[in-house]
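Please look over the chain shown below before reading the report.

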Amino acid sequence: MKCDFCGNKAKVFLTQLVEGQMKKVCLCDDCAQERGVTDPTGFSLADLLHGGLPDPAGAQGQVEKYAAHGAVKRCPNCGFTIEELHKVRRFGCSECYRTFGEEVLQLIRGMHKGMSHVGKIPGGLVAVEVRNQRLEDLRSRLEHAIATESYEEAAGLRDEIRRMSEAAADPGQSEEVAS
């Protein structure tokens with residue numbers, strides 16, 4: 001068998017079950033060492049499967065495009081090159097994100113279903129958002145009640161805002177204030 005990266009004789013064979021399908025990667029000794037397969041602390045088969053296999057139509061095509069014109073795209077801050085990004089799959093500095101933005105988008109498109117996160121929201125965050133929206137609504141109603149000189153209604157809204165604010169400061173009471 002041949003290495004999936006360079007075509008030399010493969011000596012390292014990796015297999016993993018991903019989403020019910022078996023994924024195989026064949027590597028020669030040099031490619032295995034370059035990608036950290038021989039270092040158990042620095043190797044991630046998932047990283048290799050998600051973005052490590054050659055993709056001439058995607059981000060790898062961008063590397064070849066720069067190489068064909070004799071230009072090597074480098075980060076102006078740290079000097080990191082796009083070739084190094086493809087080898088180590090990490091950036092040299094924070095400026096690399098802007099410098100290699102186009103290539104990173106190509107990598108993300110290859111690894112994920114979409115370009116925006118639509119995953120789960122932590123339960124505590126939902127409760128905080130609901131409470132903040134409720135407080136905003138109460139404050140708006142309070143302003144309107146004061147403007148229309150409905151002082152009894154304003155006093156009730158003020159008291160409810162105060163209770164909700166105190167409950168937010170003391171999370172143990174948040175269960176009691178549900179109205």
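## Overall architecture

This is a predicted model, and its chain contains 8 helices and 2 strands. Read along the sequence, these elements follow the pattern β-β-α-α-α-α-α-α-α-α.

Of the 179 residues of the chain, 26% count as buried. The chain exposes about 12600 Å², of which carbon and sulfur atoms supply 52%. When contacts between residues at least 6 apart in sequence are considered, 34% of them join residues at least 24 apart.

## The largest nonpolar core

The largest nonpolar core has 9 residues, namely Cys3, Phe5, Val12, Leu14, Val25, Leu27, Cys28, Cys31 and Ala32. Two or more residues of this core are given by each of strand 1 (12–18), strand 2 (21–27) and helix 1 (29–34).

## Helix 7 and its surroundings

Helix 7 covers residues 123–147, and its 25 residues reach 37 Å from the first C-alpha to the last, which is close to the 36 Å expected at 1.5 Å a residue. The buried residues of this helix are Leu135, Leu138, Leu142 and Ala145, and they pack against helix 8 (151–169). As a general point, an α-helix has 3.6 residues a turn, so residues three or four places apart point the same way.

Another part of the picture is a nonpolar patch on the surface, formed by Ile121, Leu125, Val126, Val128 and Val130, with about 410 Å² of accessible area together. Val126, one of the patch residues, is found in helix 7. Val126 counts as partly exposed because its relative accessibility is 41%, a value that lies between the limits of 20% for buried and 50% for exposed.

## After helix 7

Glu149 has its place in the loop between helix 7 and helix 8. Is this residue buried or exposed? Glu149 counts as exposed, because its relative accessibility is 56% and the cut-off for exposed is over 50%.

## The loop between helix 3 and helix 4

Thr81 is placed in the loop between helix 3 (59–68) and helix 4 (82–88), and Gly79 is found in that loop as well. Thr81 counts as buried because its relative accessibility is 6%, and buried means under 20%. For Gly79 the relative accessibility is 26%, so this glycine counts as partly exposed.

Which residues does Thr81 contact once its neighbours within four places in sequence are left aside? They are Val72, Lys73, Arg74 and Phe100. The C-alpha atoms of Gly79 and Gly92 are separated by 8.1 Å, while the two residues are 13 residues apart along the chain.

Note on methods. Residues numbered from 1 in each chain as written. Predicted model: local features only at pLDDT ≥ 70, side-chain atom pairs only at ≥ 80, totals over all residues. Heavy atoms only, no water. Helix = DSSP H or I, 4+ residues; strand = E, 2+ residues; numbered from the N terminus. Buried < 20%, exposed > 50% of the residue type's maximum accessible area, 1.4 Å probe, protein only. Contact = heavy atoms within 4.5 Å. Expected span 1.5 Å × (residues − 1). Patch = residues over 30% accessible without salt bridge, like charges linked within 9 Å, V, L, I, M, F, W, Y side chains within 5 Å. Areas by Shrake-Rupley, 256 points an atom, 1.4 Å probe, with all protein chains shown as cover. Salt bridge = Lys/Arg side-chain N within 4 Å of Asp/Glu carboxyl O. Core = buried A, V, L, I, M, F, W, Y, C linked by side-chain atoms within 4.5 Å.
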